[in-house]
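Please look over the sequence and the structure shown here. The report that follows takes up one topic at a time.

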Amino acid sequence: MTLLDGKALAAKIKEEVRQEAEKLPRRPGLAVVLVGEDPASRVYVSSKRKDCESCGFYSEEYDLLAQTPQSALLELVEGLNGREDIDGILVQLPLPGYMDEDVVIRTISPEKDVDGFHPMNAGNLLIGRESFLPCTPAGVMALLDEYHIDPAGKRAVVVGRSNIVGKPMGLLLLRRDATVTLCHSKTPNLADICREADILVSAVGRRNLVTGDMVKDGAVVVDVAMNRDEDGKLCGDVDFAAASEKAAYLTPVPGGVGPMTRAILMKNTLLAAKKRQNLC
Ligand code: NAP
């Protein structure tokens with residue numbers, strides 16, 4: 001079994017981004033907005049700041065209190081939309097329950113939507129036009145490419161159908177000529193469907209959802225999820241030990257998809273900066 005080493009590939013991508021960013025007339029700028037006190041979100045935001053530093057980007061971080069009115073957040077985003085030095089805007093999800101994520105995402109200018117969540121970018125992905133791709137599924141595709149895993153003609157099964165991971169993951173695999181099945185919480189016979197997968201991507205958020213007997217011999221298994229075990233250790237959806245007996249390729253958690261998500265965010269921000277400076 002070969003481990004799909006997202007940590008190593010992410011480091012390589014970030015170094016390439018750094019070298020390209022250095023050549024731009026103006027360095028890329030990313031604004032990250034966090035609302036509330038969610039500790040996991042705070043960790044993600046601080047790692048994005050570190051990534052910006054290592055890629056030589058300009059970055060700004062906004063910490064808004066949990067009770068901040070939605071109108072204030074929208075006003076902040078609109079201000080960032082108009083800023084010359086800001087190429088990418090990322091509002092960290094999830095937002096507090098009283099906010100409407102759809103409205104907030106729609107307020108981000110599509111050309112600064114480096115998360116790829118705006119309906120304009122999501123729609124362009126659907127119809128196969130150029131767009132900012134959501135970082136996690138784009139990171140999975142980069143990982144497959146790095147290991148010369150060609151989805152064409154393969155049976156791909158994606159477990160999870162969220163707008164940010166499962167659906168775009170399915171579309172990206174479809175774009176690359178895989179035959180794709182999207183599964184979700186109402187899917188009967190999940191195990192049978194997973195067993196048919198040449199490429200199995202799990203993006204649910206439930207530890208040990210994917211057991212060894214759900215993995216076909218020689219499959220590529222990508223574990224997107226980030227769960228905690230009883231000791232607080234990070235783990236995915238896949239029973240790693242059991243899956244490693246069957247899979248030909250497998251992502252570790254941590255060190256698989258997580259670092260790739262961060263690296264693609266940097267790549268998307270570089271792309272936004274190049275587009276806004278009319279360099280591509
Ligand atoms: P989400 O919005 O909660 O979606 C979870 C999906 O899993 C839903 O489509 C849900 O189905 C499905 N599901 C739930 N229980 C299931 C079951 N028993 N069998 C089959 N499907 C089931 O989550 P998300 O935002 O897509 O994230 C998924 C996981 O990936 C989480 O662990 C998250 O932390 C992780 N994540 C990791 C990264 C990274 O960089 N590594 C990035 C983003 C997310 P329904 O639609 O029917 O409810």
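## The ligand and its surroundings

The ligand is surrounded by 22 residues, and the closest are Arg-161, Ser-162, Ser-185, Val-224 and Thr-261. The model is a predicted one.

An N or O atom in the side chain of Ser-162 is 2.5 Å from an oxygen atom of the ligand. For Ser-185, an N or O atom in the side chain is 2.6 Å from an oxygen atom of the ligand. Met-226 takes part through its backbone: one of its backbone N or O atoms lies 3.1 Å from a ligand oxygen atom.

Val-159 stands opposite Ser-202 in S7.

Another open sheet has 3 strands in the order S3-S2-S4, with parallel pairing. Strand S3 (58–64) and strand S4 (88–91) are the edge strands, and each pairs on one side only. Neighbouring strands in this sheet are turned by 15° against each other on average, direction ignored.

Helix H2 (residues 39–55) packs on this sheet and touches S2, S3 and S4. The direction of H2 makes about 170° with that of S2. Together, S2, H2 and S3 make a right-handed β-α-β unit.

## Strand S2 and its partners

Strand S2 (residues 29–35) pairs with S4 in the parallel sense over 4 bridges. It also pairs with S3 in the parallel sense, over 7 bridges. Which residues face Val-33 in these two strands? In S4, the bridge partner of Val-33 is Val-91; in S3, Val-33 stands opposite Tyr-62. Ala-31 has Ile-89 as its bridge partner in S4.

S2 is mostly covered, with 7 of its 7 residues buried. In a regular strand, side chains alternate between the two faces of the sheet. In S2, Gly-29, Ala-31, Val-33 and Val-35 point one way, while Leu-30, Val-32 and Leu-34 point the other way. The residues of both groups are buried.

## His-118 in its loop

His-118 is placed in the loop between helix H4 (101–107) and helix H5 (119–126). Is His-118 buried or exposed? His-118 counts as buried because its relative accessibility is 9%, and the cut-off for buried is under 20%.

Leaving out residues up to four places away in sequence, His-118 touches Ile-105, Arg-106, Ile-108, Pro-110 and Asp-113. With one of these, Arg-106, there is also a polar contact: the backbone oxygen of Arg-106 lies 3.3 Å from a polar atom of the His-118 side chain.

Note on methods: Residues numbered from 1 in each chain as written. Predicted model: local features only at pLDDT ≥ 70, side-chain atom pairs only at ≥ 80, totals over all residues. Heavy atoms only, no water. Pairing = 2+ DSSP bridges. Axes fitted to C-alpha atoms, helices over the stretch in contact; angles between N-to-C directions. Contact = heavy atoms within 4.5 Å. Buried < 20%, exposed > 50% of the residue type's maximum accessible area, 1.4 Å probe, protein only. Right-handed = clockwise from strand over helix to strand, strands pointing away. Near = heavy atom within 4 Å. Polar contact = N/O pair within 3.5 Å; in protein donor to acceptor, adjacent residues only side chain to side chain.
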